[in-house]
Amino acid sequence: MTVARFTTADSLIMLVDHQTGTLGWVKSLPQATVVTACRVLTRLALAYDMPLVLTTTMEAQVGPTIPDVATLAPDAFDKRYARGGELD
């Protein structure tokens with residue numbers, strides 16, 4: 001049996017709700033590690049010409065996308081999907 005492998009041509013990178021306010025909710029890693037991982041994934045998407053999909057939720061309450069991501073990928077930031085939902 002042959003296993004199909006993902007490639008950069010048929011993959012994307014998605015950062016879901018990586019916002020300034022949600023960073024404080026992460027307790028398993030230092031915030032700097034989360035921000036660094038977001039920067040690495042963003043740069044990876046750009047370097048390999050992969051789609052980068054960003055989502056946000058309730059920006060007025062939770063804050064904007066992490067500034068590092070917005071700066072590195074302004075096109076993806078401009079096209080970010082502002083999803084609805086409740087935070088509980």
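Trainee: Is Glu59 buried, exposed or partly exposed?

Mentor: With the caution that this is a predicted model, Glu59 counts as partly exposed, at 28% relative accessibility.

Trainee: And what does the side chain of Glu59 meet in a salt bridge?

Mentor: The side chain of Glu59 meets that of Arg80 in a salt bridge, with 2.8 Å from N to O.

Trainee: How many salt bridges does the count come to?

Mentor: The count comes to three salt bridges. Another of them joins Asp68 and Arg39, whose closest N and O atoms are 2.8 Å apart. Here too the pair links distant parts of the chain, with Asp68 in helix α3 (residues 67–72) and Arg39 in helix α1, 29 residues apart.

Trainee: Are Asp68 and Arg39 buried, exposed or partly exposed?

Mentor: Asp68 is partly exposed, with a relative accessible area of 25%, and Arg39 counts as partly exposed at 24% relative accessibility.

Trainee: OK, which residue forms a salt bridge with Asp17?

Mentor: That is Arg83, and the closest N and O atoms of the two residues are 2.4 Å apart. The pair links distant parts of the chain, Arg83 sitting in strand β3 (residues 81–83) and Asp17 in the loop between β1 (13–16) and α1 (31–47), 66 residues apart.

Trainee: What lies 2.8 Å from the backbone oxygen of Asp17?

Mentor: A polar atom of the side chain of Thr22 lies at that distance from the backbone oxygen of Asp17. Thr22 is placed in the loop between β1 and α1, and it counts as buried, at 10% relative accessibility. If residues up to four places away in sequence are left out, Thr22 touches Asp17 and Val62.

Trainee: Switching to the inside of the fold, how many residues does the largest nonpolar core have?

Mentor: The largest nonpolar core has 16 residues, and those with the most contacts inside it are Leu15, Cys38, Leu52, Leu54, Ile66 and Val69. At least two residues of this core come from each of β1, α1, β2 (52–57), α3 and α4. The element that gives the most is α1, with four residues. As general background, nonpolar side chains in soluble globular proteins tend to be buried together.

Trainee: What does Leu54 touch?

Mentor: Leaving out residues up to four places away in sequence, Leu54 touches Leu15, Val69, Ala76, Phe77, Arg80 and Tyr81. Arg80 is also the residue whose side chain meets that of Glu59 in a salt bridge.

Trainee: Which residues form a nonpolar patch on the surface?

Mentor: Leu12, Met14 and Val16 form a nonpolar patch there, and together they have about 270 Å² of accessible area. Met14 has its place in strand β1 and is partly exposed, with a relative accessible area of 46%.

Trainee: Backbone next: which phi does Asp49 have, positive or negative?

Mentor: Asp49 has a positive phi of about 55°, although it is not a glycine. As background, most residues other than glycine have a negative phi. Asp49 lies in the loop between α1 and β2 and counts as exposed, at 69% relative accessibility.

Trainee: And what is the phi of Met58?

Mentor: Met58 has a positive phi of about 45°, and it is not a glycine either. Met58 is found in the loop between β2 and α2, where it counts as partly exposed, at 30% relative accessibility.

Trainee: Last one, where does Thr2 lie?

Mentor: Thr2 lies in the segment before β1, and it is exposed, with a relative accessible area of 75%. Its C-alpha atom is separated by 35 Å from that of Thr36, a residue 34 places apart from Thr2 along the chain.

Conventions: Residues numbered from 1 in each chain as written. Predicted model: local features only at pLDDT ≥ 70, side-chain atom pairs only at ≥ 80, totals over all residues. Heavy atoms only, no water. Salt bridge = Lys/Arg side-chain N within 4 Å of Asp/Glu carboxyl O. Buried < 20%, exposed > 50% of the residue type's maximum accessible area, 1.4 Å probe, protein only. Polar contact = N/O pair within 3.5 Å; in protein donor to acceptor, adjacent residues only side chain to side chain. Contact = heavy atoms within 4.5 Å. Patch = residues over 30% accessible without salt bridge, like charges linked within 9 Å, V, L, I, M, F, W, Y side chains within 5 Å. Areas by Shrake-Rupley, 256 points an atom, 1.4 Å probe, with all protein chains shown as cover. Core = buried A, V, L, I, M, F, W, Y, C linked by side-chain atoms within 4.5 Å.
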